[in-house]
Amino acid sequence: MTTTTTQLGPRTGGLTPSSPVLTLTAALLGFALITLDASVVNVALPSIGTALGGGMSGLQWVVDAYTLSFAALMLSTGAFADRAGASRAYAIGIAVFTLASAACGLAPDLPELIGARVLQGVAAAVVLPASLSLVRQAYADPVRRARTVATWAAGGSVAVALGPVAGGALTTVWDWRGIFFINLPLGAVALVLLVRAPRSERRRAPLDLPGQLTAVVALTAVTFAVIEGGATGLVALLVALVAGAAFVRIELRQAHPVVPLGLFRSPAVSVAVAAGAACSVSFYGVIFLFSLFFQQVQGRSALYAGLMFLPMTGVIPVTNIVAGKLAARYGARLPMLAGQVLAAVGALVLLYVDAGTPPLLVGVLLVPMALGCALTVPPLTAVMMDAVPAERAGLAAGVLNAARQVSGGLGIAVFGALVSGGFTAGLRESLGIGAALFAVTALLSFRLSGRPANSA
């Protein structure tokens, strides 16, 4: 039976009953929204390009503006959520995300859309740690808390699975602007539900602003260099190198760095981050490329393209659960190796896809790579958590998630640059890169212990 506590209301000073179930619902809704927005836009890209122009580089920025701002700021937003209080941070994040979604839907041109996507990413970076903190605070019992955190995580997996289909349906039935306008009522519901969430205490948490700033500059500059190329790309690359060197110097001297570089002295941490990066590069890059392939090369509708991703994304939630159980029973190395080998084979199989390949067959051929990634991620997360002290688990999780998001954004930048010179040839080069990354990280995974992973 769900217990109900009573706390001071945020405005009236009266007593407002708080509900753990409604708190979980609010947190889950916000988490699903920001996860969905990372993939829902891909299927709408051809429609956005037709309406606003901008070419391939513009479409890459529509995706990466969100992904990179989300990833880079995720390094510090956990500390911000602690300082502001999880409930306040969550309310701010959802409110800004909803307003930014409206700005995306109303954008008259591509630069304004990209700017609004940056704001969406900033808000999403605040929502993610705050939503998890709300779930943890709502349930005092450790067993129930563990179950609700698992429910919260499963919600993100379901959102990833539904993203391309939802994007295709909204773009076809409504318009590409519909993928952003749909966030308005959902964001409003999340804020209403938040009224019943317990008010969070503010806690002191150190912020590494110089490290955060140099990380943002370095990541933005290197992405700009890959997408834009040419003389400006070379200047951007130089800026990225300078900012990256400054970031390393700052992190080595900071008492509370956003990325403790000492974590990477552990081979397990380095392998987990590398394997996670390989999965993100290939997974998000493939969704980006095949969203364009189905519509621009094969001439299918956005809804049709979204449905072709359903077999690929539909296997993820179930496989994540199976992978966690395998890691707990047999150790992380076995499912990680199996997953990376399967993903590499899946990328190589896709090399034979061309304009004449039946779309239904392409949809089936996308499954092995997604299955391999889904089999790899839960064990590598367990490896990461087991390799660090308990008091640094949250920080390590933030580093891993940020690395995966950044890698996904850079993968889209690189793959988009490759296909801009010729789609079929660039597609095959991109798939070859993905397969090579999986081969390298699979070899690195042999260094891992074969013992069962406690955190799977």
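Me: Which helix is Ala27 found in?
Reply: Bear in mind that we're looking at a predicted model. Ala27 has a relative accessible area of 0%, so it counts as buried. As for its place in the chain, Ala27 belongs to residues 20-36, which is helix H1.

Me: And how far apart are the C-alpha atoms of Ala27 and Trp152?
Reply: Along the chain, Ala27 and Trp152 sit 125 residues apart.

Me: Is Cys104 buried or exposed?
Reply: Cys104 has its place in helix H4, residues 86-106. Its C-alpha atom is 8.0 Å from that of Ile114, 10 residues away along the chain. The relative accessible area of Cys104 is 0%, and under 20% means buried, so Cys104 is buried.

Me: What about Ala79, buried or exposed?
Reply: Ala79 lies in helix H3. The cut-off for buried is under 20% relative accessible area. Ala79 comes in at 16%, so Ala79 counts as buried.

Me: Which residue is 127 residues from Ala277 along the chain, with the C-alpha atoms separated by 4.9 Å?
Reply: Start with Ala277, which has its place in helix H11, residues 267-297. At 16% relative accessibility, Ala277 is counted as buried. The residue whose C-alpha atom is 4.9 Å from that of Ala277 is Arg404.

Me: How are H9 and H10 oriented to each other, roughly parallel or roughly antiparallel?
Reply: Helix H9 covers residues 209-228 and helix H10 covers residues 230-253, and they pack with their axes 7 Å apart. The angle is about 155°. Angles over 145 degrees count as roughly antiparallel, so H9 and H10 are roughly antiparallel.

Me: How many charged residues are in the contact of H9 with H10?
Reply: The crossing of these two helices, H9 and H10, is left-handed. In their contact, 16 residues are nonpolar and 6 are polar. The charged ones number 2.

Me: How much space lies in the second largest pocket?
Reply: The lining of the second largest pocket is made of 19 residues. Nearest its centre lie Leu75, Leu219, Phe247, Val259 and Val406. The space in this pocket comes to about 420 Å³.

Me: Which helix gives the largest share of the lining of the second largest pocket?
Reply: Helix H3 (55-84), H9, H10 and helix H18 (393-419) are the elements that give two or more residues to that lining. The largest share is 6 residues, and it comes from H18.

Me: How many residues in the lining of the second largest pocket are nonpolar?
Reply: No charged residues turn up in this lining. The polar residues number 2. The nonpolar residues number 17.

Note on methods: Residues numbered from 1 in each chain as written. Predicted model: local features only at pLDDT ≥ 70, side-chain atom pairs only at ≥ 80, totals over all residues. Heavy atoms only, no water. Axes fitted to C-alpha atoms, helices over the stretch in contact; angles between N-to-C directions. Helix = DSSP H or I, 4+ residues; strand = E, 2+ residues; numbered from the N terminus. Parallel < 35°, antiparallel > 145°, perpendicular 65-115°, else oblique. Left-handed = near helix turned anticlockwise from the far one by under 90°. Nonpolar A, V, L, I, M, F, W, Y, C, P; charged D, E, K, R; others polar. 1 Å grid on protein atoms, 1.4 Å probe; cavity = no way out; pocket = protein on both sides within 12 Å on 5 of 7 lines; lining within 4 Å. Points joined across faces, edges and corners; volume = space filled by probe spheres on them. Buried < 20%, exposed > 50% of the residue type's maximum accessible area, 1.4 Å probe, protein only.
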